[in-house]
Amino acid sequence: MSNDKGEILKNNAKKCSHCGSTSTLPIAHGLMSDEVHQENAKDRKWVWGGCVIHVGGDTDHCNDCGKSFGGDFTSEEKLQAESFDEESFLERRKKLLNVIDEYLDEEKDGEMYAAALHEAEGDEVEADHIYFGLYMQSIDKYLFEEYDEKLYDKALSEASGDEKEAEKIYLRLCKS
Ligand SMILES: [Zn+2]
């Protein structure tokens with residue numbers, strides 16, 4: 001809250017979006033001292049909305065119908081988009097773990113390793129790093145693209161329905 005709180009709040013009365021009344025109070029958030037609360041109790045200048053500000057939460061309270069309003073719908077939409085991102089993050093993490101599993105399991109691709117070794121000028125540790133980079137590039141499609149349903153179905157039938165195995169087969173199919 002700013003120093004000239006009273007000034008800001010005075011000019012802040014909004015029209016209720018539910019009943020149209022202009023007898024409204026802004027909703028204040030944050031930690032406030034008892035003193036501030038008592039002062040406000042005398043001539044209610046605002047309504048306390050709690051310590052936590054919700055993204056897209058309502059900003060004003062109507063004295064007539066008792067409802068809150070002024071929430072920012074677009075922020076709410078944004079929140080939904082963010083939780084969707086979290087889902088795809090988990091999906092990507094699952095894929096990445098699968099890739100590392102497969103990477104450790106699999107024999108090195110001779111041609112690709114030879115190229116890496118050549119680039120590392122014979123330094124095997126360096127060649128491993130380069131090889132890993134090349135490997136990750138080769139599975140870009142698997143990591144960053146949506147599942148190709150046809151290809152996944154093929155993998156699933158090859159794995160006789162075993163989803164974990166199908167995931168690995170699908171990864172291999174994506175590489176080629
Ligand atoms: Zn109202």
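**A helix pair in its chain**

Tutor: Among the contacts in the chain with a separation of 6 or more, 45% are between residues 24 or more positions apart; two residues are in contact if their C-beta atoms, placed from the backbone, lie within 7 Å. The model is predicted, so local features need pLDDT of at least 70 and side-chain atom pairs count only at pLDDT 80 or more, while totals for chains, interfaces and linings use all residues. Residues are numbered from 1 along each chain as its sequence is written.

The chain has eight helices and four strands, which are DSSP runs numbered from the N terminus (helices: H or I, at least four residues; strands: E, at least two). From the N terminus on, their order is α-β-α-β-β-β-α-α-α-α-α-α.

The part to examine is the packing of helix 7 (residues 149–158) against helix 8 (residues 163–175), at an angle of about 130° and with axes 8 Å apart. Axes are lines fitted to C-alpha atoms, for helices over the stretch in contact, and angles run from 0 to 180 degrees between N-to-C directions. Helix 7 and helix 8 are therefore oblique to each other: under 35 degrees counts as roughly parallel, over 145 as roughly antiparallel, 65 to 115 as roughly perpendicular, and the rest as oblique.

Helix 7 contributes Leu151, Tyr152, Lys154, Ala155, Leu156 and Glu158 to the contact, and helix 8 contributes Ala166, Ile169, Tyr170 and Leu173. Of these residues, eight are nonpolar, two are charged and none is polar. Here Ala, Val, Leu, Ile, Met, Phe, Trp, Tyr, Cys and Pro count as nonpolar, Asp, Glu, Lys and Arg as charged, and the others, Gly among them, as polar.
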